[in-house]
Every structure is written in C-alpha cells, then in structure tokens.
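Hello,

Here is the structure for your files. Please open it first, then read my notes below.

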Amino acid sequence: MKELRVATSVRLAAILLGTSFGMSALALADDRPRGPEEDGTKPALTRIAGEGFMNSHAYKYLTELSDDVGARVTGSAADRKAAEWASAKMKAIGLENVHLEKYTIWKGWTRGTAEAQLLSPTPHKLHVDAMGWTGSTVAGGAEGDVVPVNLFDIDEEVKNVARLKGKIALVTQKGQPKKSFMMLFAAFGDFLKAAHEAGVIAVIGGQGGAKSTGMNLTHTGILGFDVDYAIPVVSMTAEDQGQLERFINRGITPRVRINVQNTLTSGPAETANVVGEIRGREHPEEIFVVGGHLDSWDLAQGTTDNGSGTATTLGAAEAIMRSGQKPRRTIRFVLFTGEEQGLDGSFAYYKQHQSEWANHLGNLILDEGQGPVTDFMLGGRDDLIAAFQPFADSLANIRPIKVNDNVESGTDTLPFSIYGLPGINMNQETKDYMYTHHSAADALEAQKPDVLTQNATLMALTAYWIADRPERFATPWPAERTAKMLRQKGEFEELKAFKIWPYGNLGEEPDKK
Ligand SMILES: [Zn+2]
C-alpha cells in the first residue's frame, strides 16, 4: 500500500512539474528533501493527527499524575509509585515490551523542614525551602548575621571564604558576570564546598546561586550533576531576599535564625526508566526514542516539570496506537527518571543501550514547561535541518514551528547530542514556567488542556514521521565530528566544568593546542 502511494505521488509531482515521469523520478532521486506530501507518510500522519486532536487522554493522564501520584523525587517511594503508574498506562495504551530499566543514582535525599526568621531589624518569618541534595544545620537551627557574597565574583569569594565563619551567606549579583551562567553554576559548587569547610551556617541562594523570580515563590533544584553538599542551601522568596539586600545596602546587618533538616542516604538509591515500544514493521532493530522525564521536585505536583512531558509522551503513544498505523522503524517511548539530579536516567539509558547505539536515530524530548511548541532544536546536527524542514512546514496549519540545530543541555536530549545523535528538543514558549519551575506553583492549574493536546499530537506526528519516512533520518556521528560540534556550540567548557566531557582533546582546533 505504502509503495503504491509513493508511486502515485511521484506521478502527481510529474504532472505538477509538467515533466515526463522519468524526468521527475530523476529529480526525486537527488538529495532534495521530501516532506510528508511526497514521502508517503501523509495518510498515516493524517490519521494520527485525528486521533491526537479528537481522542486525546493526555490531560487525563496529567491530572492523575499530578493529583494521585503527586511529587516524585528520584529514588523515593513516590518514584516507584510513579513508575508503576506509568508502566500501567503504557500497557493500557497497548505498547509492546513495557518494562522498567533499573539503575542507581549515587545517593538518595529526603526533604525535612526549612524555617527561617528575621530577628532584626524587623522580625518576621522568612520563606525558604532547601535546595535538593543539600545538608542540615545543627539540630534546632542556628543564628547568625547575614553577609552578602557576590556570585559574579565567586572565585574571589572562594579565596576569602574564612570571613564567613559563623555567618549566613546571602548570594547576590553585583556588577557584570565574568563567566556564562552555566560556568557560574559550576563555580558555585566550589564555593559551597569551601563555605562548609569554613564553618558557614547556611547559604541563601537558588540553582547556580540564582535569585527567585517573585510571587512569593521559592525554587528548589540540584546544584550540579550528581552532587550533594553537606552545607544547607536554601532558596528564599525574591520578596524576602530583596528586603535583606536593601538592609545590607543601607549598612544594616540583618540577623537571622535558620533551621534546615534534610536526610541523605549513606549509599546509592535505586530508580528506573519506564520503557514501552511500537515495534517497527520493516526495521524493528532501528530505534527512535521519544519521551520526557517522570521524576519531579517535591514542593508541588510536578505538573509542568515534567508531568507535561510525561503526559505528552503517553498522549503521543496513544494517538499512534489508536490510528492503527505501524511505523517502518521502532518508536521507543522512554520516561526517564533522575533528570533533576543531572540527567541520570538518560545517561543510564546510553550506558545500558551502548551496544545498539548504532541502530538509534536520536531522541525527541519535551521538557520546557507548559507552553506551546516554538522550535525543533536538532541538537547539534546541522546536517539534518534540510531534511527536517519540509516536515516542519507540513505542520504550518497547526502551528508555525522553527527548525535549528541548537543543543539543549538542560534535559535528556544532552546524552544523545553528546554521543553523536540528534537530541531533538521541542522548545516551548515558557513565560509562566519561570514561576512554576521547581516551585510550589507547579500544579495542574498551570497547564492548559488544549496546549497539552496540541503538544502531544505534534510529538506523535514528529515521532512517526521520523520513524516511518523511507530514508533513515540519522546515524550517529563519529566521536571526532561530535566533539568538534560540541566545541563549536560552546558546550565544551560547561561539560568539562561539570565533569561530563567524554572526549579529552578530541575536536580541538590545532592552533589552540
Ligand atoms: Zn524538567
């Protein structure tokens, strides 16, 4: 049936071009990229779009995950409950080979209490929450002067850390940064280690030392790839932190009492990626991975980070299953855990599937919050833009979506980009995400059902088109080409700073040696 459709479209193209059949076949034999209109995938995509838009349960899945499963920190009992829920959904949707792929993260962590009071000059409660995988104050808490530390001068602060003994360090941002945000993020870890050794009571500062965004919200999160810190670090609301900064700027030293209690496990904690497949009809051994991350933070329900990606993935799988269409190659749906601790689930996936890496085509991830899709970021693979563009163009009646080869290093696309495959990020409009991200506002109220339905359908269409088009979409680049690309994309410094650069000197420009 498929072959017949291709032949028909070739003939149609010949008529439209006003050339002979032979001429047009020749034209199609060249490298000109073909979209769904010409490559035979359109009838299947049309059915999938119909199921995706008219028959979607993505919002129902997101509601269950948010309300009934709730927060699901990697390695916790809630993580196991979420995995059971997700595998049951995959089975109910009709995916094949549904199973858990276990791995361990270096340590587990449980949030306890975090309380702070401003004692002087104007006593009141301060709103704080602990950052993930950070430690505790002495039992019952401690009292100290609040002293500013300039994130933009963090290397100097590390050298002068002794002045902070017995104080509470408040991370501020003064002047111009001398490094990129990600480089500051990495350097902030060095500061936290030094501060603990110097006897600092606690540090007030969010991910990478960032300040909260407002609306009286705190934002938790990890402070590096696979790292824990013995010192208690808290995110404070922008409103409370702003007041402390104003006092300091006027020469008044605020005095604060702070009590933070968390628990780190002594050894590794077990978790699992949840996997299910639609097996390919012609090349089942060739695999395109589609997903989001199942784990979340714990100040709310984890709806937008990344319940939305989880529900999008399940909704996409369901739309393809209900359409009755079978792709040429296998679509493997993977709900990763450990994303929030340093992309641990997707790095574990790479390790566990290294032997079949050459058969992988890439992955497709949605993890930029609750908004509509704006870009397909092809994860460093500039060679794929021309092939992908006609597909993106075919979606124009749903949404205009741009195509570029940017690398997204903040989610499960990164291990795929690092190891030579297109880690494709479905970038989203994120204006409310700055509030819901890792905060107490990350609940179901933040996700509009119609946007979720559209995102799930777009994911289904993209996954199916990539897995089903006649020509294989991508093969892994060799290490040298990948290393060169990552350097050109400005990823080298950051990956090295976070100790996840795997290529040594590979890809280095000769004149820079
Ligand atoms: Zn996320």
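Along the chain, the zinc donors follow the spacing H-x11-D-x61-D. Donors here are N, O and S atoms within 2.8 Å of the metal (3.2 Å for Na, K and Ca); water is not among the atoms, so sites may look incomplete. H293 sits in strand β11 (residues 283-293) and D367 in the loop between β13 (360-365) and β14 (373-377), so this pair ties together parts 74 residues apart in sequence. Strands (E, at least two residues) and helices (H or I, at least four) are DSSP runs, numbered from the N terminus.

This is a predicted model: local features need pLDDT of at least 70, side-chain atom pairs count only at pLDDT 80 or more, and totals for chains, interfaces and linings use all residues. Residues are numbered from 1 along each chain as its sequence is written, and side-chain values use heavy atoms, without hydrogens or water.

The zinc ion has H293 (NE2), D305 (OD), D367 (OD) and D367 (OD) as protein donors, 1.9 to 2.7 Å away. The 4 donor atoms subtend angles of 50 to 141°, so the arrangement is irregular. H293 is buried, at 0% relative accessible area. D367 is buried too, at 6%. Buried means under 20% relative accessible area (1.4 Å probe, protein chains only).

Now the packing. The largest nonpolar core has 60 residues; F333, F376, F388 and F473 touch the most other members. Helix α15 (residues 449-468) gives the most to this core, with 11 residues. Such a core is a set of buried Ala, Val, Leu, Ile, Met, Phe, Trp, Tyr and Cys residues joined through side-chain atoms within 4.5 Å.

Best wishes

Note on methods. Four donors count as tetrahedral if all angles lie between 85 and 135 degrees; four count as square planar and six as octahedral if opposite donors are over 155 degrees apart and all others between 65 and 115; anything else is irregular. Buried means under 20% relative accessible area, exposed over 50%, partly exposed in between (1.4 Å probe, protein chains only).
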